[in-house]
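Let's take a tour of a protein model together. Have the sequence and the 3D view handy as you read.

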Amino acid sequence: MVFLTEKPKKPYKGKLASAGRYAAVAFGLLAAAATFVYGNRHILAHKFAPATGSSSHPIQPQIWPHAQMSHIGSATRQTILFIGSDERPKQGNGNSDVLMVASLDDEHRRIELLSIPRDTQVPFPDGHYHKINDALAEGGPSLTCGLVEQLIGMPIDHYALTEFDGLVRIVDRMGGIDINVPRNMYYRTGDKKYGIIRLHKGTQHLTGEQALGFVRYRHDALGDIGRTERQQAFLVAVKNQLLRPETIPQLPAIAYDLLRSVDTDLTAVDLGRLIAHAHTYRSYSTIHATLPGSFHDPDATRPGDLSYWIVNPKEAHYVAKRFFIDGVVPKNTIQDPQLTRTWTTPADSDH
């Protein structure tokens, strides 16, 4: 039986931000990888028009309600949601293939990366439950950020969105990345471009297209959870590559690729503030985790039932606070469904 959280009130009102918002293009994936490069700003036509919803229950796009949450340690923390889109040509707004909350924690000199499995079941503003990766197609980055805030109980300051082509260009411009591939990976994606994932087990130097396959591959024993672990390993590899002396001459070109590839709501002022602290971010430690939960396999007796990653809402809030504020990494990501359903806050906790 699918574990459903309590249906929320509908705090999301209004419509998506209009076209023409400023985008700080030098942030993108690189901020979560603990370094910043030469930046610029650019006016991007916003890609997400008001959605009518792809399900039988249309979802109206909503304003991201971050003002309703108190930001613990806001003077010393910057939190960004990284969204990797699986948009294909001529298919309109895609779903999110990657969802990762990255927090730059100045107080503890840490970069904290919390992955959210794309199949996580969450309540949408229409009162129905969907996979969280549907939010990008239904309501753009705004709805996605709002649902992530609701899920972890903590505010998101900004978002950075990139698509397949952008990730490939950025990695290639850096000269590729060194990474340990945990198993042989072969899969036909069905896409005309990037249609085959073919990687061999072992530590190796990956091109941009190979790195994309590394973070996209899902067909292993842990499914979505294996993907989130690889996405975290990818960002660490990006950080390591950017810190190499031979990469420095490529930074202006990398910034240009970011200009073409990343959509974000960071302003030029936000970017300037981040760049001013770039030298300190290089020395920050990095911790990473995946939001704990349990697998739900489709029930053949229930028409329309889907596979989900089921998260207890109270546990999600507890884990997120412990992770971002105290630096505590959860020990067991994959739980028994019974534990997920019955989880209670530990008696000795003051959170």
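Are Phe323 and Phe324 buried or exposed? Both Phe323 and Phe324 are buried, where buried means under 20% relative accessible area, exposed means over 50%, and partly exposed is in between (1.4 Å probe, protein chains only).

A quick word on the ground rules. This is a predicted model, so local features need pLDDT of at least 70 and side-chain atom pairs count only at pLDDT 80 or more, while totals for chains, interfaces and linings use all residues. Residues are numbered from 1 along each chain as its sequence is written, and side-chain values use heavy atoms, with hydrogens and water left out.

**Aromatic pairs**

The structure holds three aromatic pairs. Rings of Phe, Tyr and Trp (its six-membered ring) pair if their centres lie within 6.5 Å; planes under 30 degrees apart count as stacked, over 60 as edge-to-face and the rest as tilted. One of the pairs is Phe295 with Trp309, an edge-to-face pair with 4.9 Å centre to centre and 70 degrees between the planes. Phe295 sits in strand E15 (residues 294-296) and Trp309 in strand E16 (residues 308-310), so this pair ties together parts that are 14 residues apart in sequence. Strands (E, at least two residues) and helices (H or I, at least four) are DSSP runs, numbered from the N terminus. Phe295 is partly exposed at 35% relative accessible area, whereas Trp309 is buried at 1%. Back to Phe323 and Phe324: their ring centres are 5.1 Å apart and their planes are at 75 degrees, so that pair is edge-to-face too.

**Salt bridges**

Side chains of opposite charge can pair when their charged atoms come close. For a salt bridge, a side-chain nitrogen of Lys or Arg has to be within 4 Å of a carboxyl oxygen of Asp or Glu. The count here comes to six salt bridges, and the table shows some of them.

| Salt bridge | N to O distance |
|---|---|
| Glu112 and Arg77 | 2.8 Å |
| Arg110 and Glu112 | 2.8 Å |
| Asp119 and Lys131 | 3.5 Å |

Asp119, in the loop between E5 and strand E6 (121-123), and Lys131, in strand E7 (residues 129-131), are twelve residues apart. Asp119 is buried at 8% relative accessibility, and Lys131 is buried at 15%. Elsewhere, salt bridges that share partners join Arg77, Asp105, Arg110 and Glu112 into one network.

**Cores and helices**

What about the nonpolar cores? A nonpolar core is a set of buried Ala, Val, Leu, Ile, Met, Phe, Trp, Tyr and Cys residues joined through side-chain atoms within 4.5 Å. The largest one has 40 residues, and Met174, Ile177, Ile179, Phe214 and Phe234 have the most contacts inside it. A second, separate core of 31 residues includes Leu81, Val148, Leu161 and Ala289.

Now find helix H4 (residues 208-216) and helix H5 (residues 224-242), whose axes come within 7 Å and cross at roughly 145 degrees. Axes are lines fitted to C-alpha atoms, for helices over the stretch in contact, with angles running from 0 to 180 degrees between N-to-C directions. Contact means heavy atoms within 4.5 Å. Ala211, Phe214, Val215 and Arg216 of H4 make this contact with Arg227, Arg230, Gln231, Ala233 and Phe234 of H5.
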